[in-house]
Amino acid sequence: MIKLVVSGIWICLVTLASVYFSLQMSSAHVDKEEKSDFFGGLDYVRTDIISIPAISGGEINGYFITRLVYTAEPDILRKLTVTPQVLITDELFTLLVGNRVIDLSRMDEFDLEAFKVLVRDGLNERLGQKVFHEVLIEQIEFLTKSEIRNNARRRKLPKSSEN
């Protein structure tokens, strides 16, 4: 019985030591320069879900819904008096509603890469320096007014009760 307990403890110790050693060796192979180049010391700024109305001819035709993630310089973000969330939301409204750079009524022609570049460059231009490096799309949708109404009607319909 004692031999069984000792061999069990021995197996656990050898397993733990081998896992520890393999983790130490795998992290030792990554150069510090390579690691810092990859991460670059940037912060990820995640926006809340932003809903922007698509207005055409004085009417709302639908809603552009998005959630974005930005890579940005952390030192500069800390110095801003306005939060990045507010800047990002304002830039999206400026591009999509104010300047109408992108026509939301023709979503089949929507160029995602051009959209990401426009948002990033607009933010950097507003701040006067390169703060935002990359725009990543977490969620992007366009819902027409009829799709929204159909969803609302489905929720209001009474559920049939079983007898």
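Author: This is a predicted model. Start with helix H5, residues 112-127. Its 16 residues reach 23 Å from first C-alpha to last, close to the 22 Å expected at 1.5 Å a residue. Just after H5, Gly128 takes a positive phi of about 80 degrees.

Reader: Which residues of H5 are buried?

Author: First the general idea. An α-helix has 3.6 residues a turn, so residues three or four places apart point the same way. In H5 the buried residues are Phe115, Lys116, Val119, Gly122, Leu123 and Asn124.

Reader: What do the buried residues of H5 pack against?

Author: They pack against strand S3 (59-72), helix H4 (84-98) and strand S4 (132-144). Take Val119. Leaving aside neighbours within four places in sequence, Val119 is in contact with Tyr70, Glu91, Leu92, Leu95 and Val135.

Reader: Which residues of the largest nonpolar core touch the most other members?

Author: That core has 21 residues, and Tyr70, Ile88, Leu92, Phe115, Val119, Leu123 and Phe132 touch the most other members. H4 supplies the largest share, five residues.

Reader: How many aromatic pairs does the structure hold?

Author: Two. Phe64 and Phe115 pair edge-to-face, 5.7 Å centre to centre, with 75 degrees between the planes. Phe64 lies in S3 and Phe115 in H5, so this pair ties together parts 51 residues apart in sequence. Phe115 is buried, at 0% relative accessible area. Tyr70 and Phe132 also form an edge-to-face pair, at 5.5 Å and 70 degrees. Tyr70 lies in S3 and Phe132 in S4, so the pair ties together parts 62 residues apart in sequence.

Reader: Are Tyr70 and Phe132 buried or exposed?

Author: Both Tyr70 and Phe132 are buried.

Key: Residues numbered from 1 in each chain as written. Predicted model: local features only at pLDDT ≥ 70, side-chain atom pairs only at ≥ 80, totals over all residues. Heavy atoms only, no water. Helix = DSSP H or I, 4+ residues; strand = E, 2+ residues; numbered from the N terminus. Expected span 1.5 Å × (residues − 1). Buried < 20%, exposed > 50% of the residue type's maximum accessible area, 1.4 Å probe, protein only. Contact = heavy atoms within 4.5 Å. Core = buried A, V, L, I, M, F, W, Y, C linked by side-chain atoms within 4.5 Å. Phe/Tyr/Trp six-rings, centres within 6.5 Å; stacked < 30°, edge-to-face > 60°.
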